[in-house]
Amino acid sequence: MQTIFSTDGVLPKNRFRHWKDICEDRIVPLNQSCLDNEPFNASIKGANIGGLDFTWFALSNLRVSTTPRTLRSENHKTDQLFLNIVLNGTVCSHQNDRSSTDEAGDFAIRDTNTSWANEHNGYSEVVAISIPRKRLEGVLGSARIFAGLTVDSHQPVATLTRSFLCNLMREGGRLPPSAAERMAGVGIDLVIASLAERLAKEVPRPISGVLVIQRAKAYVEANLNNVSLDPPLLAAAVGVSLRRLQQLFHDHGQHISDWIWQRRLLAASRHLKNPGCRHISIGMLAYECGFASQPHFSRRFKAHFGMTPSEYRHASRMRDL
């Protein structure tokens with residue numbers, strides 16, 4: 001990663017002003033204030049890998065927040081969401097009526113369209129990764145559903161996600177552009193899986209139809225490899241009757257089974273395009289995406305993409321040459 005800013009060598013009276021300017025350029029306009037009277041010390045490193053901006057911060061005793069005023073700024077990045085991973089220390093966070101104390105290994109999404117606040121008491125290190133809003137909302141629904149929700153570091157999928165993204169941050173600069181883009185896509189998929197798993201663990205409660213749909217879609221995303229996943233199982237998982245869930249999907253112009261198969265087929269297509277999955281047989285790949293048999297998978301895949309899985313994999317390989 002490239003060093004973008006360091007207070008080393010900067011006059012103490014100028015440090016905080018320079019820091020604020022860099023932060024607004026890398027993230028979004030922010031309100032910032034120091035929590036003590038000590039000389040301000042901080043550093044920033046950054047990298048762009050496969051279209052994702054990684055920004056590493058090291059800082060102490062700082063409060064940052066967005067407000068209605070900062071959200072109206074012309075520099076506001078409304079098309080991006082930010083994944084914040086705590087690497088060291090603790091960060092007290094608040095967004096969308098959710099408050100948490102995030103520790104090393106925890107991560108959460110910050111929605112750039114609504115107010116949020118972070119407090120760094122003592123020394124902390126955080127990496128912020130900008131992710132296109134449409135990549136997450138296209139699967140999980142409105143960011144309001146998951147923004148500010150802490151993904152605990154002890155979740156197995158979260159552990160894999162954090163490890164992959166941190167390694168990508170360190171090694172991504174050595175990858176050719178095409179490989180970096182593919183790896184960035186894998187990283188986003190892991191983030192989606194982590195958020196889906198976290199949302200699926202929320203205690204069922206009376207919620208609106210839109211949130212039922214999004215909880216159902218999150219559950220599907222986290223359980224694509226379960227060959228038993230079907231509409232009745234999904235309805236039970238989100239705590240509504242099958243008839244209610246069918247009606248809600250119908251109101252959105254969708255059918256439950258169609259959605260499940262579509263997500264499985266899209267997951268399979270990503271694996272077939274991924275050079276790192278070329279050693280996996282078509283049959284094993286089909287099973288990992290929730291298909292009970294290879295012939296069933298091949299029929300559905302060809303009906304959706306116009307070619308067999310083998311033809312699709314071969315075409316993707318040719319494009320990479």
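# Briefing on a predicted model

Asn-61 lies in strand 4, which covers residues 52-65. The cavity has a volume of about 290 Å³, while the two helices, helix 6 and helix 8, are roughly perpendicular to each other.

**Backbone at Asn-61**

- Most residues other than glycine have a negative phi.
- Asn-61, although it is not a glycine, has a positive phi of about 50 degrees.

**The cavity and its lining**

- Counting cavities of 30 Å³ or more gives one in this model, and the space in the largest cavity comes to about 290 Å³.
- The lining of this largest cavity is made up of 24 residues, of which Phe-57, Val-64, Asn-84, Asn-118 and His-120 are the closest to its centre.
- At least two lining residues are supplied by each of helix 1 (12-26), strand 4, strand 5 (80-88), strand 6 (90-95), strand 8 (107-111) and strand 9 (116-132).
- Strand 9 provides the largest share of that lining, with five residues.
- Sorted by class, the lining of the largest cavity consists of 16 nonpolar, five polar and three charged residues.

- Phe-164 belongs to helix 4, which runs over residues 156-171.
- Leaving aside residues up to four places away in sequence, Phe-164 is in contact with Met-183, Val-186, Gly-187 and Leu-190.
- Phe-146 stands 18 residues from Phe-164 along the chain, and the C-alpha atoms of the two are 21 Å apart.

**Helix 6 against helix 8**

- Helix 6 (residues 209-222) and helix 8 (residues 242-251) have axes that come within 10 Å and cross at roughly 100 degrees.
- Since angles of 65 to 115 degrees count as roughly perpendicular, helix 6 and helix 8 are therefore described in that way.
- On the side of helix 6 the contact is made by Gly-209, Val-212, Ile-213, Ala-216 and Lys-217, and on the side of helix 8 by Arg-244, Leu-245, Leu-248 and Phe-249.
- Taken by class, the residues in this contact of helix 6 with helix 8 are six nonpolar, one polar and two charged.

Terms used
Residues numbered from 1 in each chain as written. Predicted model: local features only at pLDDT ≥ 70, side-chain atom pairs only at ≥ 80, totals over all residues. Heavy atoms only, no water. Helix = DSSP H or I, 4+ residues; strand = E, 2+ residues; numbered from the N terminus. Contact = heavy atoms within 4.5 Å. 1 Å grid on protein atoms, 1.4 Å probe; cavity = no way out; pocket = protein on both sides within 12 Å on 5 of 7 lines; lining within 4 Å. Points joined across faces, edges and corners; volume = space filled by probe spheres on them. Nonpolar A, V, L, I, M, F, W, Y, C, P; charged D, E, K, R; others polar. Axes fitted to C-alpha atoms, helices over the stretch in contact; angles between N-to-C directions. Parallel < 35°, antiparallel > 145°, perpendicular 65-115°, else oblique.
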